[in-house]
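Work through the exercises below with the sequence and the 3D structure open. Each task is followed by a solution in steps.

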Amino acid sequence: MERMTFDLASSSLTEMNTFLHKGLEEGDKRHISVLNPDGAHNIAVGLNHPVTVEIHGHAGYYAGGMNKHARVVIHGSAGTGVAENMMSGSVHVKGFASNGAGATAHGGLLVIDGDAGLRCGISLKGGDIVVGGSVGSFSGFMAQAGHMVICGDAGDALGDSLYEAVIYLRGNVKSLGADAQFEDMTDADYATLAELLSKAGMDHDPKSFKRIASARTLYHWNADANQEY
Amino acid sequence: MDIKPVSFKRVSREESASFDRSTIDYIQNAAAHGLYEIRGMGAKRKLPHFDDLLFLAGSLSRYPLEGYREKCVTKTILGTRFAKKPIELDIPITIAGMSFGALSANVKESLGRAATAMGTTTTTGDGGMTPEERNSSKTLVYQCLPSRYGFNPDDVRRADAIEVVIGQGAKPGGGGMLLGQKVNPRVAKMRTLPQGVDQRSACRHPDWTGPDDLAIKIQELRELTDWEKPIYVKVGATRTFNDVKLAVHAGADVVVVDGMQGGTAATQTCYIEHIGIPTLAAVRQAVDALEDLNMKGQVQLIVSGGIRSGADVAKALAMGADAVAIGQGILFALGCNSETYIQDGKHISAIEGYDALGTQPGFCHHCHTGKCPVGVTTQDSVLEQRLQPDVGARRVKNYLKTLNMELTTIARACGKQNVHHLEREDLVALTLEAAAMARIPLAGTSWIPGHNGY
């Protein structure tokens, strides 16, 4: 497999991103190493080919943002909005992730080995997120579709204003958000969860997770709307 | 002897100014339903506006141009600061962002065709980009909104410019709203929502907080589009001076300022009427901010919110805007609030539809119901047929053409060979409020309230 390296200590981020957009052939599967990322923002955003990008170090905001098809691995921690609005492919953070990890992701798989900050999976639209550690408050806020697997604990207001996304939590939650509720796990849940854990390389028993989903009481903005006195 | 009750004829029919019939109706509705009113369109209250400004045309001291024959350039370029491919418009009048969901697919197609014919842009809305509007619009602005409904990198790449929406004039600080009756299967799928759900969009972006983050978000969109496409930032008019400065600081190519007369498809009335500042005041503050940063001409300003006529466009440009955006005016051009809709050349009465909504042409603001009697703001498969794309495209094109003719006529009268040469010195104000807000002297005086110590 063809390999290439970008050293961000000596070449510009824009040069690299432009190459990743325009310098690759349809279906290109090459392996790209990014050296000295040094916390730069917007590394490997808008990928559109099934390449593998390995970032050796810490990434800033929006690493792997809006990813399609590609596999991005961050050998370090990631800043705000890692894999935001991802469509497909995968992003794997070996360290920790900051706020808004996987925000609005429509597809693909985001794996965070460590903890994630506030609002992990906010407005999720069909993507899957597996967090090895814990997540901060307001995670899963207004999440519409997809799955969030949290192997550690969750902060306040987990799953506030959830739509159809489902959260699986192994540890404890400080508080659930408005309209979020614990529900019984079904066989389908166990199957989905087992598959996600296996894809993420996490060795937990699906039986140790609880399901959190929407009570759907906020779907219509005022249940009393038709009253008349 | 009979004692007659004393009758004060003058006061027995006296309406209270504080508790007039409209206020009493509001209170009684609140009491009956326990629910605030949601409606479409913009502020209905009377506000200081472009109507309160007048042009001083050419005479002896200035030299006018021949109204029809002499050259008057309307070309407008947006996005010259960072984008490799700025937007070139033939006219400085654009079509404001309105969502598929609020509007039907037929309407979106009409707008694209009209804008393309007139050499201007259309804008997507909270609900993603439809093929109808992409295919019919030569130049399309793609909005990046807090909800990110249907937002995807393919459409970012397909767009000609990106507009990061912070807020809109009808409801600064509030997210979008689309009631369940408009969330049909196609809208639901585009927005990844259950069908029929009352959809409330987020009011803040999910992946950034504050102007320093916005700078990085804008950089992401630039990196993603290889620095080719202009990035607009749209704000609802409130603390406009500071907001425009922060948008420029964050790296915007173009700032869009939407005043409180700007429309909406569905928002609480208390928002529409009580939040935000008038467009007139906002333009002034926005231009102040650009001048303060020495960015006038480098960062372009688009003004929207209650722009109706060519005179409004000319006044906005004279005050320092580079272009305007129109939403409600476009809807009226399509037939909104018209007594009839047009089917294959024939006018058909829509009165029954207005009756069913409890309203009449001229007053209707029922966009939120999805039961638009003329097929403009609906997702109903029967009603949407009432707006035929051919008719819609033709009417919007006519409207834009008329505005542009009025604009150039006024510019020529002021002696300008280019509409962008219209300037503040060409204007006077009719009212104290307008003079103070627009910082333009009261007609016949050199008085600007609050200026030079007066």
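A crossing of two helices is left-handed if the near helix is turned anticlockwise from the far one by less than a right angle, and right-handed if clockwise. The model used here is predicted.

**Exercise 1. Describe how H7(B) and H9(B) pack, giving angle, distance and handedness.**

Step 1. Two packed helices are described by the angle between their axes and the distance between the axes. For helix H7 (residues 240-249) and helix H9 (residues 279-292) of chain B, the angle is about 45° and the axes are 8 Å apart.

Step 2. Angles under 35 degrees count as roughly parallel, and 65 to 115 as roughly perpendicular. H7(B) and H9(B) are therefore oblique to each other.

Step 3. By the definition above, H7(B) and H9(B) cross in a right-handed sense.

Step 4. On H7(B), the contact is made by B:Thr240, B:Phe241, B:Val244 and B:Lys245. H9(B) contributes residues including B:Ala282, B:Gln285, B:Ala289 and B:Asp292. The contact comprises six nonpolar, two polar and three charged residues.

**Exercise 2. Is A:Met142 buried or exposed, and what is its phi?**

Step 1. A:Met142 sits in the loop between strand E7 (125-131) and strand E8 (145-150) of chain A.

Step 2. Most residues other than glycine have a negative phi. A:Met142, which is not a glycine, has a positive phi of about 55°.

Step 3. A residue is buried if 20 or more other C-beta atoms lie within 10 Å of its own. A:Met142 has 27 C-beta neighbours inside 10 Å, so A:Met142 counts as buried.

Step 4. Now take A:Asp179, in the loop between strand E9 (166-169) and strand E10 (180-183) of chain A. Its phi is also positive, near 75°. With 17 other C-beta atoms within 10 Å, A:Asp179 is partly exposed.

**Exercise 3. Which strands stand at the edges of the chain A sheet?**

Step 1. Write down the order of the eleven strands in this open sheet of mixed pairing: E1-E2-E3-E4-E5-E6-E7-E8-E9-E11-E10.

Step 2. Strand E1 (3-7) and E10 of chain A each have a single partner strand, so one side of each lacks a neighbour in the sheet; these are the edges. From one strand to the next, the twist averages 15°.

Step 3. Look at one pair: E9(A) and strand E11 (residues 210-214) of chain A run antiparallel and are joined by three bridges. A:Tyr168 stands opposite A:Arg211 in E11(A).

**Exercise 4. How many residues of chain B are in contact with chain A, and which helix supplies the largest share?**

Step 1. The contact involves 25 residues of chain B and 43 residues of chain A.

Step 2. The largest share of the chain B side, five residues, comes from H6(B).

Terms used. Residues numbered from 1 in each chain as written. Chains lettered and ligands numbered in written order. Predicted model: local features only at pLDDT ≥ 70, side-chain atom pairs only at ≥ 80, totals over all residues. Contact = placed C-beta atoms within 7 Å. Helix = DSSP H or I, 4+ residues; strand = E, 2+ residues; numbered from the N terminus. Buried ≥ 20, exposed ≤ 12 C-beta atoms within 10 Å, placed from the backbone. Axes fitted to C-alpha atoms, helices over the stretch in contact; angles between N-to-C directions. Parallel < 35°, antiparallel > 145°, perpendicular 65-115°, else oblique. Nonpolar A, V, L, I, M, F, W, Y, C, P; charged D, E, K, R; others polar. Pairing = 2+ DSSP bridges.
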